[in-house]
Amino acid sequence: MNVLLVLIVVAIVLVLLGRWLRERRAARPLMVEEKAPTFQVVALGLQGSGKTLLLASMYHRLKAPAAQCYFLTATHDDVLLLNQWYAQMADTAASGDWPRGTAKGETRHFTFTVKTHLAGTALTILNLKYLEYAGELLTEIQDAGSTKQKELFAHIDSADALIGVIDGYRIKQHLDGHPEGPLHLDRTLNALLPVMIEASAPISFIITKWDLLMDVHPDESTRLSIVHNLLTSNDLFRSLVRLHSADRVVRLIPVSAVGPGFAKVDSRGEIVKVSQAPVHPANVDVPLSAVVPDMFDQVESRLDREARVALSAEVRRRSRQSALEALGSASLFAGQVAGRALLAAFGPSAAVIGETMMGLFLDSRLGGRGDERLGLDQELSEAERRAETLRLARRRVLYDMRRKVDVMEGRLPHSRLSDGRVSDGY
């Protein structure tokens, strides 16, 4: 009798111990997975090119999940500042001046958190650290002892994405035959291209004030092709595209922070607001949405064929796994030859949370939004449900980010300057 009682107690202890160990294994990888990776974006442009309006309009467009499932948040002080810039930009009253631009030598830092709602919860997917610099910092002699230029070069070297802001008004002047146009465009390209040609991150060249170029041609695609031809007539610009065409993502994105009909060029050549005109930003949601898809595409394109085959097999395996199984699988893959090559290709971004970066990347390769898995099994444990919800949320966000880029490419083929695409599909 005593022996039977002991056996029953031992069995109960083993069951409880097994449950505790399963929950502990489930919780530990989940804690690692929930650390959101941070991607660093460096934006460069000369004074007056429209960097401030672009930033304010980008945030305004993406601060709510309107045409996409994700949205941006920032610190309270940054939100107040961005909203103030946008309100001042949108004000067409007589006293409605444009917001103050970036001063020479000034640096602006913003950290945007990308979130989405799923299963009644706001989930953090990733962070975008946005650094904005006046391009004059690259061209003018600095004061003795100044370290700003050195800091800028360090940020460019470690950036996950580079944004080069080109003033669309100056392009209009160039196309109209105004002498200031080519002078200013050459000054812009001479400031931006030498550092960008040596860096390795994906590049988006942003043509601001796109609304002012509407009279160049009524068809937007043709209009962009005209601007494309103008830019590639510059030897340095053409060299950058040719040099990095195979293994680097290079884009040309036309944007308008205010939209058509909001501003005009007056008789003095100044850009002024049109009274009571509404604000309708165009394409401002694309530059930040392209950061992670472009980085992931570029990283994969740099893998050798053997590593891509192994990656493809891992993605197929992941599509059949539960969320918690996928966490363990990502850790194992990170230790394999192909996984190590992939993490090395990420560079600084994977230095601290490589396994989380690996999981985010693999989920982006699964394809689709994951809607087919919305019905979460009621038998799942709480840890499993949370892990599966996070995985579905990441798939949705990455799908919507890529969709914005694909839609723009389909509408404006000349927006893609490089040919570096991954040929191996899943």
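**View A. Arginine 396 counts as buried, with a relative accessibility of 14%.** Buried denotes under 20% relative accessible area, exposed over 50%, and partly exposed anything in between, with a 1.4 Å probe and protein chains only. The model shown is predicted: local features need pLDDT of at least 70, side-chain atom pairs count only at pLDDT 80 or more, and totals for chains, interfaces and linings use all residues. Residues are numbered from 1 along each chain as its sequence is written, and side-chain values use heavy atoms, with hydrogens and water left out. Arginine 396 belongs to helix 15, which covers residues 382-411; helices (DSSP runs of H or I, at least four residues) and strands (E, at least two) are numbered from the N terminus. Glycine 367 is 29 residues away from arginine 396 along the chain, and the two C-alpha atoms are separated by 9.6 Å.

**View B. The protein chain as a whole contains 15 helices and 9 strands.** Of its 426 residues, 51% count as buried.

**View C. The largest nonpolar core has 107 residues.** Such a core is a set of buried Ala, Val, Leu, Ile, Met, Phe, Trp, Tyr and Cys residues joined through side-chain atoms within 4.5 Å. Which residues touch the most other members of this core? They are Phe39, Leu44, Phe112, Tyr130 and Phe205. Beyond its neighbours within four places in sequence, leucine 44 is in contact with Lys51, Tyr133, Leu138, Leu152, Ile156, Ile163, Gly164, Val165, Leu192, Val195 and Met196. In soluble globular proteins, nonpolar side chains tend to be buried together.

**View D. Helix 5 (residues 168-176) packs with helix 6 (residues 180-198) at an angle of about 135°, their axes being 7 Å apart.** Two packed helices are described by the angle between their axes and by the distance between the axes. Each axis is a line fitted to C-alpha atoms, for helices over the stretch in contact, and angles run from 0 to 180 degrees between N-to-C directions. Helix 5 and helix 6 are therefore oblique to each other; angles under 35 degrees count as roughly parallel, over 145 as roughly antiparallel, 65 to 115 as roughly perpendicular, and the rest as oblique. On one side of the contact are Arg170, Ile171, Gln173 and His174 of helix 5, and on the other are Glu180, Gly181, Pro182, His184 and Leu185 of helix 6. By class, this contact of helix 5 with helix 6 has 3 nonpolar, 4 polar and 2 charged residues. Here Ala, Val, Leu, Ile, Met, Phe, Trp, Tyr, Cys and Pro count as nonpolar, Asp, Glu, Lys and Arg as charged, and the others, Gly among them, as polar.

**View E. Helix 5 also packs with helix 7 (residues 220-232), at an angle of about 85° and with the axes 11 Å apart.** That makes helix 5 roughly perpendicular to helix 7. Ile171, His174 and Leu175 of helix 5 meet Ile226, Val227 and Leu230 of helix 7. The residues of this contact comprise 5 nonpolar, 1 polar and no charged.

**View F. Threonine 188 is a residue of helix 6.** Is threonine 188 buried or exposed? Threonine 188 is buried, with a relative accessible area of 3%. Apart from neighbours within four places in sequence, its contacts are Leu46, Val165 and Ile166.

**View G. Alanine 323 lies in helix 12, which spans residues 323-334.** At 7% relative accessibility, alanine 323 counts as buried. Arginine 386 is 63 residues from alanine 323 in sequence, with 8.9 Å between their C-alpha atoms. Not counting residues up to four places away in sequence, alanine 323 touches Ala387, Glu388 and Arg391.

**View H. Glutamate 270 sits in the loop between strand 8 (263-265) and strand 9.** Its relative accessible area is 41%, so glutamate 270 is partly exposed. Glutamate 270 and tyrosine 169 are 101 residues apart in sequence, and their C-alpha atoms are 9.9 Å apart in space. Leaving aside neighbours within four places in sequence, glutamate 270 is in contact with Lys264 and Val265.

**View I. Glutamine 276 is located in the loop between strand 9 (271-273) and helix 9 (286-289).** Asparagine 283 is likewise placed in the loop between strand 9 and helix 9. Phi of glutamine 276 is near 65°, a positive value in a residue other than glycine. For asparagine 283, phi is near 65°, again positive in a residue other than glycine. Glutamine 276 counts as exposed at 73% relative accessibility, whereas asparagine 283 is buried, with a relative accessible area of 13%.

How values were computed:
Contact = heavy atoms within 4.5 Å.
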